[in-house]
Amino acid sequence: MTTAPTPHTPSGLSGTAATASPTVSPVAGPAPSPAAPGRHLTVAAGQAPDSLSPADCNSSSPVTDVRGEASRPRKKTAARAGADIRGEALLTLARLRLATPLQLKKLLLPHQKSTDNIRLALRNLRRESPSLAGRAHRAQQSYWYCTPAGLAEAAASGELAPTASRTTGKRIAASKTGLREHGLALVDTVIAFHRAEAADHADWRVEVAHPTPAGTLVPDGVVLLAGGDSAFVEIDRTMSYARLVAKLERYDAYRNAPAAGRGNAARPARSHWQETYAGPSLERPFPPVLFVFAPAPRRAAPATREAVFHERARRVASVNHRLTVATTTLPRLTRDGADGRVWRIVGNGRDEERRTLAALPKAR
């Protein structure tokens with residue numbers, strides 16, 4: 001990672017897209033699908049709110065009937081909407097690794113009442129040859145992910161940030177442990193930021209490796225905020241406090257890593273984080289580290305875990321000095337929004353005071 005992340009520019013393509021090429025962006029996993037070079041990734045330019053839903057889609061959501069309208073035109077409308085969002089659904093799965101139909105609806109079609117159009121788009125992706133999306137079923141819920149062919153097509157569209165660590169979400173979706181729930185909690189966090197317009201869902205990167213002298217740092221997510229700064233995001237459900245503090249210390253090691261290279265008269269040597277996040281003139285401080293505590297069975301409530309984490313984390317020497325660390329709970333984040341007064345700063349000595357993202361202190 002050698003360049004600062006740039007804001008996502010929504011595609012204006014509808015029915016046309018860049019021709020797929022397996023050399024545009026590195027993708028972990030098998031080689032790109034043989035069908036990819038001849039296929040075009042359809043990305044919606046816009047979606048009318050409250051589009052009509054098909055009567056025969058597999059969904060428990062209510063279908064609104066329009067008086068005097070035959071069922072055939074309604075089905076055609078739904079099929080057209082499903083085709084329009086095919087590309088966005090594929091790109092979102094490639095970025096976030098997995099999601100449920102309801103989560104995708106919240107991100108891509110927030111004004112629609114049902115998930116029918118999303119489900120239709122997902123089924124279309126699954127029926128492609130080779131299949132671009134797969135699904136796993138657990139407890140009467142479906143979890144969707146990109147196949148290797150889907151990742152290849154998404155990467156070849158040019159809409160994804162280049163990264164060598166992108167993988168399919170099949171293992172996560174099929175997991176019987178907390179791995180799947182952890183991934184879904186991250187998607188719920190993305191939804192909260194997206195709804196509040198604090199960050200677009202397309203400006204997230206998941207589990208990108210960062211080198212440090214103490215070993216590799218892998219944040220759960222890195223987000224480019226609407227204001228142009230970045231933030232690291234960590235989701236906690238079941239991790240021990242010792243491991244959480246150890247990861248915080250890994251961020252300190254990343255922050256203090258020595259500069260790479262010798263630099264020159266025009267440009268001094270820069271560390272990895274400066275090269276990646278500080279911008280051309282080093283005007284941006286080290287990104288804040290945001291912890292989101294999510295519910296988990298047989299674990300203390302998120303608010304309790306958040307409070308205990310504050311007691312442990314404030315003992316890390318760099319916190320509230322070289323590192324800005326803030327926390328919230330997923331229920332609070334979902335209720336009040338990522339732009340609300342939901343963030344509690346670790347080590348600020350102000351007890352339970354909560355601030356907005358914009359009011360977080362800058363790391364020194």
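**View 1. Lys 105 reaches across to Gln 112.** The side chain of Lys 105 comes to 2.9 Å from the backbone oxygen of Gln 112, a polar contact (N or O atoms within 3.5 Å; within protein, one able to donate a hydrogen and the other to accept it, with sequence-adjacent residues counting only if both atoms are side-chain atoms). This is a predicted model, in which local features need pLDDT of at least 70, side-chain atom pairs count only at pLDDT 80 or more, and totals for chains, interfaces and linings use all residues. Residues are numbered from 1 along each chain as its sequence is written, and side-chain values use heavy atoms, with hydrogens and water left out. Lys 105 sits in helix 3, residues 101–108; helices here are DSSP runs of H or I with at least four residues, strands are E runs of at least two, and both are numbered from the N terminus. With a relative accessible area of 9%, Lys 105 is buried (under 20%, using a 1.4 Å probe and protein chains only). Leaving aside residues up to four places away in sequence, Lys 105 touches Pro 110, Gln 112, Ser 114, Thr 115 and Ile 118 (contact: heavy atoms within 4.5 Å).

**View 2. Helix 3 in its surroundings.** Six of the eight residues of helix 3 are buried, so the rest of the structure largely encloses it. Those buried are Pro 101, Gln 103, Leu 104, Lys 105, Leu 107 and Leu 108. What do they pack against? Helix 2 (86–96), helix 4 (116–127), strand 2 (141–146) and helix 7 (179–195).

**View 3. Helix 2 against helix 5.** Helix 2 packs on helix 5 (residues 148–156) at about 105°, axes 9 Å apart; axes are lines fitted to C-alpha atoms over the stretch in contact, and angles run from 0 to 180 degrees between N-to-C directions. That makes the two helices roughly perpendicular (65 to 115 degrees). From helix 2, Arg 86, Leu 90, Leu 91 and Ala 94 meet Gly 150, Leu 151, Glu 153 and Ala 154 of helix 5.

**View 4. Helix 8 crossing helix 10.** The axes of helix 8 (residues 241–255) and helix 10 (residues 302–313) come within 10 Å and cross at roughly 55°. On the helix 8 side, Tyr 241, Leu 244, Val 245 and Leu 248 meet Thr 304, Arg 305, Val 308, Phe 309, Arg 312 and Ala 313 of helix 10.

Definitions and conventions: Buried < 20%, exposed > 50% of the residue type's maximum accessible area, 1.4 Å probe, protein only. Parallel < 35°, antiparallel > 145°, perpendicular 65-115°, else oblique.
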